[in-house]
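Here's a quick tour of one model, taken a piece at a time. Have the viewer open as you read.

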Amino acid sequence: MTAPSDGHPAYGTLPAGGALRADVGVVRGGFDLEVRADVRAGEILAVLGPNGAGKSTLLRALAGLLPVSRGRVTVGDQTWDDADRGTFVPAADRRVGLVFQDYRLFPHLTVLDNVAFSRHVRGGRRPDARAHGLEVLGRLGISELAARRPGQLSGGQAQRVALARALASDPRLLLLDEPLAALDARTRLEIRTELRGYLATFGGPTLVVTHDPLEAMVLADRILVLEGGRAVQEGVPAAVARRPATEYVARLVGLNLYRGAMTDRSTGRVDLDDGGRLFAAGHDPDDGGHVVPLPATRMLVAVAPTAISIYTRSPDAGSARNVWTGTVAGLELLTDRVRVAVDGTPDAIVDITPAALADLELRTGQQVWLTAKATEVTAYPAPG
Amino acid sequence: MTADGDQEPARGRSPSAVRAVTDAGRRTPWPLGVPAAVAVAFLLLPLVGMFVLAPWRDLPRILAETQAVEALRLSLVTASVTTVISVVVGVPLAWVLARSRARAVRLLRALVTLPLVLPPVVGGVALLLAYGRNGIAGRWLYDWTGYQIPFTTAAVVVAQTFVAMPFLVVTVEGALRSADAGLEEAAATLGARPVTTFRRVTLPLVAPSLAAGAVLCWARALGEFGATITFAGNLPGVTQAMPSAVYRAFETDPPAAVALSLVLLTVSVAVLVLLRDRWLRPGAGL
């Protein structure tokens with residue numbers, strides 16, 4: 001076991017050096033969650049998924065607020081849950097720092113007493129608990145808030161106090177539930193950057209639950225995508241962003257995603273399940289070489305909306321190997337570009353510049369031609 | 001407050017338009033105004049009568065001569081003991097009613113709050129059957145200790161507690177129910193055990209409601225008459241609290257009854273003033 005990262009020998013400090021190993025099943029009503037999550041000490045894992053995917057259930061199970069139906073949870077050499085042996089450590093004994101989405105600061109206590117709460121109820125003397133609380137507030141640069149009540153804090157301040165309170169409880173595992181969701185857009189931008197820095201000071205495993213892919217990418221070392229109570233993808237942020245495993249992830253990271261089977265490996269031809277075909281020559285630099293899968297292998301094909309060109313007349317035979325037609329189903333103005341939804345075989349989302357939109361004079365229902373270079377089309381084996 | 005609410009939708013219009021809207025909102029139509037005035041007169045006249053016909057000149061003498069001082073002392077002491085008992089056992093009961101998910105709790109809640117609607121005299125009879133010398137529990141108490149509760153000062157407290165505690169339980173239960181259970185979860189993740197969480201988080205959060213419930217309970221105990229006179233009797237100095245003293249005085253010396261009533265009225269008004277923020281706000285419910 002390593003020494004605590006903040007290095008003070010005061011009472012109650014526990015070595016925060018143990019990895020989280022969780023392999024759990026939780027059955028609640030009609031919903032069941034089956035997930036495996038291993039997080040090393042010092043590592044930040046983002047659990048990304050839509051509402052109802054089971055993210056909060058996982059978080060509550062890890063925190064001991066919900067019993068697991070199956071499996072084990074261990075942190076370092078401590079076993080918190082073991083369904084087979086009937087082991088269940090209550091939340092109060094878990095040493096878990098949980099930052100709730102709605103912060104849940106105690107409204108009747110000052111910021112300092114909120115932060116000192118854990119040490120005090122765990123048997124520390126009040127002056128010691130407060131001294132430690134002040135130190136943690138100082139570490140997060142919010143000492144000046146110590147005497148305030150939670151009702152007098154802005155959203156960003158409350159978020160920092162909630163994190164300070166969790167860190168001050170000497171946790172072995174840090175859990176954050178949608179840490180930025182309750183903030184307005186501008187504060188979110190500001191806090192997101194500094195949150196990563198604060199999380200880096202914690203020596204134990206950290207798990208951040210979020211439905212915001214950007215938050216996951218910025219905060220986490222690794223991302224686990226949860227859908228319908230199952231892990232559908234796990235990997236470093238760049239890999240998840242480039243090779244989404246499901247339509248949900250593809251939509252989050254803004255890619256067109258198709259399922260199909262590779263029918264010709266020499267041309268990279270993939271026949272799509274929903275009709276149409278695409279030639280893929282693109283590959284990941286991460287692959288360390290172009291891995292050519294066997295014919296008939298189940299494939300996923302990803303195309304960025306900016307890699308597709310749109311024409312109102314049949315384009316001349318160019319270099320693009322993928323050409324297909326469709327009709328404009330909708331137009332949406334984004335901040336710096338226009339997103340065009342096209343119904344065709346296959347359907348596609350295409351991003352063009354406002355200037356291009358003006359040139360093309362696109363209308364809903366209009367017939368269009370789409371092209372994409374094979375080098376811009378990435379095919380990779382479907383997981384599972 | 002009401003005026004602000006009325007002006008809200010009119011914001012941005014001309015001042016005269018605002019005035020027209022608020023005036024229209026305030027004018028009371030006579031089919032409502034007349035009965036309302038009758039109701040006000042009906043409620044106020046008895047109080048006016050008491051003030052007009054009160055024997056003001058003889059007041060000090062009457063209060064000194066009758067058992068008023070003794071009855072008032074007994075009332076204040078028993079109502080206070082009742083309130084302490086009600087807090088000690090009623091708050092945990094409120095917690096169980098608010099937090100337990102057992103189905104039987106719904107039935108329990110109905111039974112616990114029954115004294116709120118039960119005629120107090122019936123409560124007194126029921127208390128005799130339970131804690132009287134031949135009652136189902138009182139019999140054992142008498143056999144084992146030779147002690148019997150009825151017609152003692154303790155009986156006054158028992159009768160008052162039976163009638164007044166539900167007020168405290170209902171008030172505190174409502175507060176616990178609306179108190180954020182998420183804060184209790186937060187306390188648990190910070191290492192607080194359930195009893196610590198209750199003491200350090202839940203109780204401070206419901207403190208205003210607990211205070212209101214305690215005052216309400218105390219006021220109800222102070223005015224208790226039916227159950228007390230049935231179960232404890234009307235012995236001056238032992239079981240004769242203020243309401244019983246008023247009742248006794250009215251049969252023998254009506255001016256004394258009025259004087260005693262004025263004392264109770266003063267206490268009641270003081271309670272109303274104490275509770276004004278919680279109970280007299282428009283829209284504030286039990």
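## Two helices in chain B

In chain B, α5(B) contributes B:Ala68, B:Ala71, B:Leu72 and B:Ser75 to a meeting with B:Met242, B:Pro243 and B:Ala245 of α14(B); contact means heavy atoms within 4.5 Å. Sorted by type, the residues of this contact come out as six nonpolar, one polar and no charged. Nonpolar covers Ala, Val, Leu, Ile, Met, Phe, Trp, Tyr, Cys and Pro, charged covers Asp, Glu, Lys and Arg, and the others, Gly among them, are polar.

Helix α5 spans residues 68-99 and helix α14 residues 242-252 of chain B, and their axes come within 8 Å, crossing at roughly 150 degrees. That makes α5(B) and α14(B) roughly antiparallel, the label for angles over 145 degrees.

## About the model

This is a predicted model, where local features need pLDDT of at least 70, side-chain atom pairs count only at pLDDT 80 or more, and totals for chains, interfaces and linings use all residues. Residues are numbered from 1 along each chain as its sequence is written, chains are lettered from A and ligands numbered from 1 in the order written, and side-chain values use heavy atoms, with hydrogens and water left out.

## Chain B overall

Chain B has 16 helices and zero strands, both taken as DSSP runs (helices H or I, at least four residues; strands E, at least two). Of its 286 residues, 39% count as buried, meaning under 20% relative accessible area with a 1.4 Å probe, protein chains only.

## A:Val249

A:Val249 sits in helix α8 (residues 247-253) of chain A and counts as buried, at 1% relative accessibility. Leaving aside residues up to four places away in sequence, A:Val249 touches A:Val225, A:Glu227, A:Gln233, A:Val240 and A:Pro244.

How values were computed:
Axes are lines fitted to C-alpha atoms, for helices over the stretch in contact, and angles run from 0 to 180 degrees between N-to-C directions. Angles under 35 degrees count as roughly parallel, over 145 as roughly antiparallel, 65 to 115 as roughly perpendicular and the rest as oblique. Buried means under 20% relative accessible area, exposed over 50%, partly exposed in between (1.4 Å probe, protein chains only).
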